Amino acid sequence: MTKRDRNSIWYYLAVIAFIFGMQLFYLPKNNISEPLSYKGFKENIKKGAIEKIVVLPDQIVGIYKDTLNTSETSDGLKKIESGPTAPWRLRLNSVENRLKKQFVVNRLPQMEDPNLLDILDQAGVDYSGRIEKNYLRDFFLNWIFPVILFFVVWGLLYKRMWGGRGNPMLTLGKNKAKIYAEDPKNQVRFEDVAGVDEAVEEVKELVNFLKAPEKYSKLGGKLPKGVMLVGPPGTGKTLLAKAVAGESGVPFFNMSGSDFVEMFVGVGAARVRDLFQQAKAMAPCIIFIDELDAIGKKRGGVGIAGAGYDERENTLNQLLVEMDGFDPGRGVIIMAATNRPEVLDPALLRPGRFDRQVLVDRPDLKGREAIFKVHTKKLTLAPGVDLNRLAAQTPGFAGAEIANVCNEAALLAVRNEHKNIEMMDFEAAIERVIAGLEKKNKLINEKERKIVAYHESGHAIVGYFVDGADEVQKVSIVPRGIGALGYTLQMPLEDRYLMSKSELLGKVKGLLGGRAAEEITFGDITTGASNDLERVSKLVRNMVTVYGMSEKLPNISLVKQSGYGFLDQEAYQEKRSEKLEQVIDDEVQRIITECYEDTKKMLTEKRDLLEKMSNILLEREVIGRDEIKKILGKK
C-alpha cells in the first residue's frame, strides 16, 4: 500500500468519525426517562396518575403524581414516548387559542388525536406546549455543518479529479524534476557503469570539483557550465549522470526535456526559472536534463514558418539565458543527454553553455564483457558460463540490450526448470533479442517448410565460404518474430570499424544467398527474401552515394551527412540532377546483379552441400555452429 493510499484511508476515516460524532451529538439526552406507549399514556390519564405534561414537537414529556412513588429526572419530568417504533406528534390545531401564550401560532405542533385535550381537561392534568430551542445546535446545524459538508465533498471530488497533487493551475510554473538526494542504499557508483571507461574518466573531473571546488578556484580554473552526454540509445547516459551524483554525494535533479513542454503559454520558461532557482538553493547539486532535443532543436527562421509564437523556442531561450547568468563556482553542474546532437541549436553547444561533449558509445568486446559482469552479479550462474564468449556473440549491443539479455536468460532458466542459469539460456536469450520469440506452434505446410530450409541453407553456405561475410553461428527453420519463417544467425568474430569493398560485397552476396538457393532448387522465387533485398538495396546504395565504391562514380560522396548518426538516420540528400540519379540507379542495379550471379554460380557448384544441409535442417530444424562446420567442411 502506497503512502498516498494510506493518507486516503485516514481521510475517509476522519469523515466517517465526524458523521458518527454528529449522530451522537443529536441523540436525546433524557435517556433515564421511562418510555410509555400512547395507549398506556391515555390509561394513566384516566386513572389520574399523571400530574403534568409538556407537549414538545416530537414527543410528550410528563411527570407522575407523588402517589406512584416514582423518582423524578433531573429536570423534574418523565419522558412519555408515543410508541416503541416512532415518536408521537400531537396536533393542536383545535386548541390553538388555548396555547397562544406558550406557542407561536405558525409553529404549533399538530396533534393526531383531537380528543386528547378534552380528556386532559376532564382529568385535571396541567398541560402546556413548548418548542425547544438550542441556539448552539441550530447555529451548527444551519451554518457550520453545511459549510463543513461542502468542503468535505469538494475535497473528495477535487482529490479524485487531480490525483491529490495539488491544484495544477497553481503549479504550472513549477518544474517537474525528481530530486534524488543522497541515499546510501540506492547509490550508483562508477563501478556500476561498465563498458564506457573513456566517458567515466571525462566525468570524474566533475566529481572532484563537487567534492573540493576550492582546488580549482585557487588556480583560477573554471569547470564547464554544461556537460552534454551524446550517444546511441541504451548506452548508459542517464546511468552515468546518476553515478556522478552518487560519487559526489549531492542532490540530483532528474527530468526530461518534454517536462518543460505544456499547452499553456509561458509555462516552459517558468519551469526553467524555477528549476535553476531550486538548484541554487540546494547547491552543490547536479541538474540532469534527459532527451534535451525535445526543447533544444534548432530554432526556425524568418517568414511564415518563424512568424508565430513558438513555446518550445521560448523555453529554449530561457534555458540559454539561465545558463548565461549562472555562476559555475556555486557548485551546480548542468548535464544533459541526447542521441540526436545534430538537431540541437548551435547556441546550446557554444563555449559557456554545453561546452563539453562526452561520447557514450556502444561498448567494444572488453566493454561488453564488463557489462555482463555487472548485470550477472546477482544471478546464479552455472560453472560453464563464459562471459567472454557471450560478449563475442553480442557485437553492437548497448548496455541496456545486454541487461535485457541477462534478464531474459534468467527467465528462460526458470521456465526450463534449471537450478542455475546455463550457457544455453544466455544463447537462447540472445537469439530472442535478435530474431524475436520462437513460435514452435506456428503451422506451415510441407512445401513452404522445404522452401525455408533451402533458403536458410543458401544464406549459411554463402556466408560460410565468401570472404567478408559474418560467421554463421546458427541456422533454424523454426518461425520467429513477426513473419520470419526461419533465420540464419551471423555474427562477426571481432569488432570492426573499417570495412573494405570486397567485404561489403561479401555481405551483399550472403544476403542474396537465400533468393539464389530458391531459384536454383525450385526454378522460382518467393516473397521470403523481402527483408534481405531491403538490406541489400540500402547497403549497395550507400556504397555508391556515401562511400564512393562504384566504377562510374568513384571517390565521390553524393550526400550531405552530419552528426553522429546514432539512430541510423538516412543521410541528407543534396540536390542532384535526373541524369546523376539515373547513373546512381544503374550502378546500384549493376552491383546487385553481379553479386547475385556470383552467388548463383557458387551455390550451383556446391549443390551437393545445399541438398545435404537442407535435408538435415528439415530433420533437425536447428543446426549449431559446430555442426555447420562438420557439414560444410573446410573453407
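Residues are numbered from 1 along each chain as its sequence is written, and side-chain values use heavy atoms, leaving out hydrogens and water. Since the model is predicted, local features need pLDDT of at least 70 and side-chain atom pairs count only at pLDDT 80 or more, while totals for chains, interfaces and linings use all residues.

**View 1. Strand β10, covered on both faces.** β10 spans residues 285-290, and six of its six residues are buried (under 20% relative accessible area, with a 1.4 Å probe and protein chains only). Look on one side for Cys285, Ile287 and Ile289, and on the other for Ile286, Phe288 and Asp290. Strands here are DSSP runs of E, at least two residues long, and helices are runs of H or I, at least four, numbered from the N terminus.

**View 2. The neighbours of β10.** β9 (residues 252-256) pairs with β10 in the parallel sense over five bridges; pairing takes at least two DSSP bridges.

**View 3. Helix α8 against helix α11.** Helices α8 (residues 267-281) and α11 (residues 311-324) pack at about 25°, with axes 7 Å apart (lines fitted to C-alpha atoms over the stretch in contact, with angles from 0 to 180 degrees between N-to-C directions). That angle is why α8 counts as roughly parallel to α11 (under 35 degrees). Residues in contact (heavy atoms within 4.5 Å) include Val272 and Phe276 of α8 and Leu319 and Met323 of α11.

Methods
Buried < 20%, exposed > 50% of the residue type's maximum accessible area, 1.4 Å probe, protein only. Parallel < 35°, antiparallel > 145°, perpendicular 65-115°, else oblique.
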